[in-house]
Amino acid sequence: MSLQSFIDQAISPWMQEEGPDHDIVLSTRIRLARNFTDVPFPLMAAEEELKIVSNWIKEHFSEKSFAQYENFEYFAMEDLKPLEKQVLVEKHLVSPFLVERQKESGVLLSKNEQVSLMVNEEDHMRLQLYFPGLQLERGLEEAFKFDDWLEEKIDYAFDENRGYLTSCPTNVGTGIRASVMMHLPALTLTGKIRKMVPAINQLGFVVRGIYGEGSEAAGNIYQISNQVTLGRSEQDIIQDLHSVVEQLIARERDARQMLIDQSGLRLEDRIFRSYGILKHSRIIESKEAAKCLSDLRLAIDIGYIKNLSTAILNELMTLTQPAFLQQYAQETLTPEQRDMKRATIIRERLRLEEQ
């Protein structure tokens with residue numbers, strides 16, 4: 001398989017698009033947690049009870065379409081190979097927790113992978129919609145429409161006073177978790193991000209790494225999401241998150257300009273050193289690759305490099321993850337073999353882009 005054909009098959013179509021503020025915001029995700037009213041929640045349910053949920057989802061929604069989200073397909077975790085499950089995690093289509101549960105857990109995916117419905121994770125259903133760039137309002141609107149479509153066939157666990165009932169108390173109420181994935185290299189390089197994170201936390205939002213809770217901000221990519229769902233409307237949560245993200249965008253752009261004005265030559269040297277490493281390395285570890293790819297993306301966004309597209313970071317940050325590397329190689333690889341394969345894919349991808 002050629003690298004180009006692998007990219008075409010491996011990268012979700014929506015990931016190859018550019019959205020609003022794409023120079024800083026990589027993607028927007030809206031997640032809604034929902035449960036069946038007459039089935040014990042997953043953490044307390046027996047396998048036969050969970051089977052009721054998975055069978056219902058398969059029967060009523062598999063091979064169906066809704067609006068532009070076509071041809072939903074259901075994948076049971078226990079039917080997938082370990083590598084296939086890890087690829088789904090690396091594409092953010094399922095959580096590591098869903099993969100670990102195995103019994104009667106699965107995911108319903110739209111053909112373009114823009115909609116992902118995790119089944120029997122912490123809740124019976126966790127609906128996720130993804131959009132390129134900063135599109136919180138559109139994401140919420142589309143999530144509501146899809147949620148209504150599901151509710152036509154499902155009686156949700158809902159309380160008039162508390163709202164949607166969920167396994168974790170932090171999700172009770174609206175059940176919404178809105179997240180924005182941001183590339184913040186200048187705030188990281190200047191050290192300003194360390195001062196901003198506590199302030200963001202005090203506003204009821206949390207800053208995590210690229211794979212959510214417990215993960216590092218690899219490649220200077222941060223995930224900003226709401227913590228509180230009870231007692232507030234979905235619109236209020238979205239508006240407040242949008243305000244926080246807009247402030248981060250403004251601060252990042254200011255920090256980038258400051259680096260250019262005050263440390264232009266050093267910044268240029270850092271960028272082109274990273275570019276050289278990516279173009280010529282034969283072995284590269286994941287952390288070094290993430291750092292160099294972040295530098296390269298910054299160079300593209302501020303105009304230091306003009307012959308590469310901004311989508312390259314999205315692609316390579318995914319393609320160079322362990323499961324993707326092995327999927328491309330069609331074999332299990334040792335850590336050192338993955339480092340060699342990672343370097344090869346990056347070189348080949350940059351060569352394709354430069355043609």
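View 1. Arg34 is buried, at 3% relative accessibility, where buried means under 20% relative accessible area, exposed means over 50%, and partly exposed lies in between (1.4 Å probe, protein chains only). Because Asp147 lies in helix α5 (residues 136-151) and Arg34 in strand β1, the pair ties together parts that are 113 residues apart in sequence. Helices (H or I, at least four residues) and strands (E, at least two) are DSSP runs, numbered from the N terminus. The model is predicted: local features need pLDDT of at least 70, side-chain atom pairs count only at pLDDT 80 or more, and totals for chains, interfaces and linings use all residues. Residues are numbered from 1 along each chain as its sequence is written, and side-chain values use heavy atoms, with hydrogens and water left out.

**View 2. Asp23 and Arg253 in a salt bridge.** The side chains of Asp23 and Arg253 meet at 2.9 Å, N to O. Asp23 counts as buried, at 18% relative accessibility, whereas Arg253 is partly exposed, with a relative accessible area of 35%. The structure holds 19 salt bridges.

**View 3. A network of salt bridges around Arg126.** Glu121, Glu122, Asp123 and Arg126 are linked in this network. Within it, the side chains of Arg126 and Glu122 meet in a salt bridge of 3.1 Å, N to O. Arg126 is buried, with a relative accessible area of 6%. Glu122 is partly exposed, with a value of 21%.

View 4. Asp21 is not a glycine, yet has a positive phi of about 55 degrees. Asp21 is found in the loop between α1 and β1 and is partly exposed, with a relative accessible area of 28%. Asn220, another residue other than glycine, has a positive phi near 60 degrees. The loop that holds Asn220 runs between β9 (205-208) and β10 (221-226). Asn220 counts as buried, at 13% relative accessibility.

**View 5. Phe75 and its contacts.** Phe75 is found in strand β2 (residues 73-76) and is partly exposed, with a relative accessible area of 26%. Leaving aside residues up to four places away in sequence, Phe75 touches Leu80, Ser105, Gly106, Val107 and Leu109; contact means heavy atoms within 4.5 Å. Phe75 and Ser105 are 30 residues apart in sequence and 8.8 Å apart in space, C-alpha to C-alpha.

View 6. Leu43, Met44 and Phe97 form the patch, with about 330 Å² of accessible area together. Patches are made of residues with over 30% relative accessible area and no salt bridge; like charges are joined within 9 Å, and nonpolar side chains (Val, Leu, Ile, Met, Phe, Trp, Tyr) within 5 Å. Accessible areas come from the Shrake-Rupley method with a 1.4 Å probe, and for residues only the protein chains shown count as cover. Phe97 lies in helix α4 (residues 96-101) and is partly exposed, with a relative accessible area of 32%.

**View 7. Cys168 and Cys292.** Cys168 is partly exposed, with a relative accessible area of 22%, whereas Cys292 is buried, at 1%. The structure holds 0 disulfides, a disulfide being a pair of cysteine sulfur atoms within 2.5 Å.

**Setting of the views: the chain.** The chain has 12 helices and 10 strands. Its radius of gyration is 21 Å, close to the 20 Å that the globule rule gives for 355 residues, so the chain is as compact as a globular protein of that length. The radius is taken over C-alpha atoms, and the globule rule is 2.2 Å times the number of residues to the power 0.38. Of the 355 residues, 55% count as buried. Among contacts between residues at least 6 apart in sequence, 70% join residues at least 24 apart.

Terms used
Salt bridge = Lys/Arg side-chain N within 4 Å of Asp/Glu carboxyl O.
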